[in-house]
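User: I would like to go through this protein with you before the next group meeting. Could you begin with the overall layout and then take my questions as they come?

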Amino acid sequence: MKKTIISLSAALLLLSSSVYVYADSLLDPDQHVYVNEDVLETVSSVNLDFVLDKALKDSHNLSLLALKYAAQGSKKSDLEQQMDNMSSASFAPGHLPSTPEEVTNTGNPLLPNLTEPADIAWTVVQNNAMNQMMQGMGALAGGMNAIIAAQRAQMNTAAHQLGTDQRNSLLQTDEAKAGIRLQTIAQYVQLLGQKKQLAFMNEYEGVMEKELLRATLLSQQGLASSEDVLTAQKAIHKQKDDTTILLNNYRLGLVQLSTDIGISYDPNLILQDIDPISVQPIAETDTITLLKSSYQMKSSGNNIDEAVWETDHTVTQNTYGETYLGVNVAINGQKNEQMQLELTKKIQSTYNDAKNAYAAVLTEQRNLTDVQADLKKMKIRYEAGVISKHDLNKFQIKVDQNETTLAAAKLKYYVLNEKGKAMDTGFIQ
C-alpha cells in the first residue's frame with residue numbers, strides 16, 4: 001500500500017505540470033509516444049527578476065532532483081522496514097539418551113528406565129539417529145541465521161548509503177538553484193547586449209547610407225570617384241549582412257529564453273534593462289573559507305564519512321574485503337584532495353576574470369569621457385562653420401559606439417561579479 005501511494009504521488013506530480021497526449025507510433029503500434037502540450041504564458045515585457053523566478057519554478061532539473069530525493073528516502077525506509085521484519089531461524093536441539101548407561105538410567109520421569117537388553121540396544125540405535133538429525137537441523141538453523149545476519153548487514157549498509165545520497169541530493173539541489181540563477185543571468189545579459197548592439201548597428205547603417213548619398217552627389221559633381229561610391233556601397237552591404245546575422249542570433253536566443261522560462265515566443269518581447277549596475281572593485285573571500293562552504297566539498301566530505309562508516313559496519317569474509325574497504329577510504333580521500341585543487345584553480349580564475357572585467361569597465365569609461373570631450377570640441381567647430389553637420393553626426397556615432405561598448409563591459413562585469421558572489425554561497429564553477 002505504501003509503494004502504491006508513493007507511485008501515485010509521483011505520477012500526479014509528473015502529470016500536474018503538463019497535459020500529455022498519448023499516441024501510437026505510425027510505424028510501430030506497440031511503440032507509445034508521450035508528448036506534452038504546454039500552456040505558455042503570454043507576456044509583452046520581462047525583467048531579470050521575472051525571468052529568474054520563472055527559470056527556478058519551471059526547472060525540470062530541480063523537479064528531477066526532488067523526485068530523486070523522494071525515491072532515495074522511500075527506498076531507505078523500505079530497507080529499514082525489511083530489516084525490522086526479518087527474524088532469525090530458531091531451533092534448540094534436544095538430546096535423547098544414546099548410550100546403554102543413559103537409557104537404563106534416564107533421570108527423566110517421562111523417559112522410563114529400560115531393563116530388557118533388546119529394548120536397550122534398539123533404543124540406543126534409534127536415539128543416536130534422532131540426535132544426529134536434530135544436530136543437523138540445529139546446524140541448518142545456524143547457517144540460515146548466518147545468511148540472515150549477512151543480509152541484514154548488507155541492507156544496513158545500503159540504507160546508510162541512501163541516507164548519504166539523500167544529503168548529497170540536497171546539496172545538488174542547492175547547487176542546481178545557484179547554477180540555474182547564474183546561467184539565466186548570463187543568458188539575459190547576452191540578449192541585452194545583443195539588443196543594444198543591434199540598436200547601434202541600425203543607427204550606424206543610417207549614417208552609412210547618408211555617406212553613400214554624399215559620395216554619390218560628389219561623384220556626380222566630379223569631386224569623388226566611382227570607386228568611392230562602390231566602397232560605400234560595399235560597406236553598407238557588409239553592415240546589413242552583419243546586422244542580419246546578429247538579429248537571427250538574437251531571435252534564437254529569445255526563443256531559447258522563452259522556452260526555458262515557459263512563456264510564448266514574441267519577437268518583439270521587451271527586455272527591460274537591469275537596474276543601474278554599480279561598478280565596484282571585486283571583493284575577494286579567502287580560498288579556505290570558500291572551499292569550506294563549497295557544495296562539492298561538502299558532498300565529498302559526505303562520501304569520505306560514508307566510506308569510513310562502512311569500514312566499521314560492513315561484514316567481510318576475509319582480509320581482501322577489509323583491504324577493499326581501506327582502499328575505498330583512500331580513493332575518496334584522494335578524490336577530495338583532487339577536487340580541492342580543481343576548485344582552488346576555479347576560484348582564482350573566477351576572481352581574475354572578474355577583476356579583468358572591472359578594469360575593462362574603467363577603461364571604457366575613460367574612453368567614453370575622452371570621446372565626449374572631443375565631441376564638445378567638434379560641436380564648437382561645427383558652430384564656427386569649420387566642419388559640416390554630416391561630419392558632426394559621424395563623430396556622434398563614435399560616441400554612441402563607445403557608449404555601447406561601455407554598456408557591454410558593464411554587463412560582462414555584472415555577470416562575473418555575480419559569479420564571484422555565488423562562490424560565497426557554495427557554488428564554484
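Analyst: The protein has ten helices and four strands, where helices (H or I, at least four residues) and strands (E, at least two) are DSSP runs numbered from the N terminus. Starting at the N terminus, the order of the elements is α-β-β-β-α-α-α-α-α-β-α-α-α-α. This is a predicted model, in which local features need pLDDT of at least 70 and side-chain atom pairs count only at pLDDT 80 or more, while totals for chains, interfaces and linings use all residues. Residues are numbered from 1 along each chain as its sequence is written, and side-chain values use heavy atoms, with hydrogens and water left out.

User: What percentage of the residues count as buried?

Analyst: Of the 429 residues, 33% count as buried. Buried means under 20% relative accessible area, exposed means over 50%, and partly exposed lies in between, with a 1.4 Å probe and protein chains only.

User: And what share of the contacts comes from residues 24 or more positions apart?

Analyst: Such residues account for 77% of the contacts with a separation of 6 or more. A contact means heavy atoms within 4.5 Å.

User: Which members of the largest nonpolar core touch the most other members?

Analyst: They are V46, Y188, L271, I274 and Y413, out of 56 residues in that core. Two or more residues each come from α2 (48-57), α3 (60-85), α5, α6, α7 (287-293), α9 (319-383) and α10. A nonpolar core is a set of buried Ala, Val, Leu, Ile, Met, Phe, Trp, Tyr and Cys residues joined through side-chain atoms within 4.5 Å. In soluble globular proteins, nonpolar side chains tend to be buried together.

User: What does L271 touch, leaving out residues up to four places away in sequence?

Analyst: L271 touches V46, Y188, L191, L192, K195, Y250 and L254.

User: Changing topic: how much space lies in the second largest pocket?

Analyst: That pocket holds about 240 Å³. It is lined by 13 residues, and those closest to its centre are Y204, V207, M208, E211 and K394. On a 1 Å grid over the protein atoms alone, a pocket is an open set of points where a 1.4 Å probe fits, with protein on both sides within 12 Å along at least five of seven lines, and lining residues have an atom within 4 Å of a point. Grid points are joined across faces, edges and corners, and the volume is the space filled by probe spheres set on the points.

User: Which helix gives the most to that lining?

Analyst: Helix α5 does, with seven residues. At least two residues each come from α5 (117-220), α6 (226-261) and α10 (389-424).

User: How many of the lining residues are charged?

Analyst: Four are charged, alongside eight nonpolar and one polar. In this scheme Ala, Val, Leu, Ile, Met, Phe, Trp, Tyr, Cys and Pro count as nonpolar, Asp, Glu, Lys and Arg as charged, and the others, Gly among them, as polar.

User: Now α5 itself. Is S169 buried or exposed?

Analyst: S169 sits in helix α5 and counts as buried because its relative accessible area is 1%. Beyond its neighbours within four places in sequence, S169 is in contact with K68, Y69 and Q72.

User: What about Q172?

Analyst: Q172 is also placed in α5, and it counts as partly exposed because its relative accessibility is 30%. With neighbours within four places set aside, Q172 contacts L65 and K68. Q172 and L62 are 110 residues apart in sequence, yet their C-alpha atoms are 9.1 Å apart.

User: Which side chain does D260 meet in a polar contact?

Analyst: The side chain of D260 makes a polar contact with that of Q187 at 3.2 Å. A polar contact is a pair of N or O atoms within 3.5 Å; within protein, one must be able to donate a hydrogen and the other to accept it, and residues adjacent in sequence count only if both atoms are side-chain atoms. D260 is found in helix α6 and is partly exposed, with a relative accessible area of 42%. Not counting residues up to four places away, D260 touches D58 and Q187.

User: Last one: where does N332 lie?

Analyst: N332 lies in helix α9 and is buried, at 13% relative accessible area. A polar atom of the N332 side chain lies 2.8 Å from the backbone oxygen of N328. Leaving aside residues up to four places away in sequence, N332 touches S300, N303, I304 and A307.
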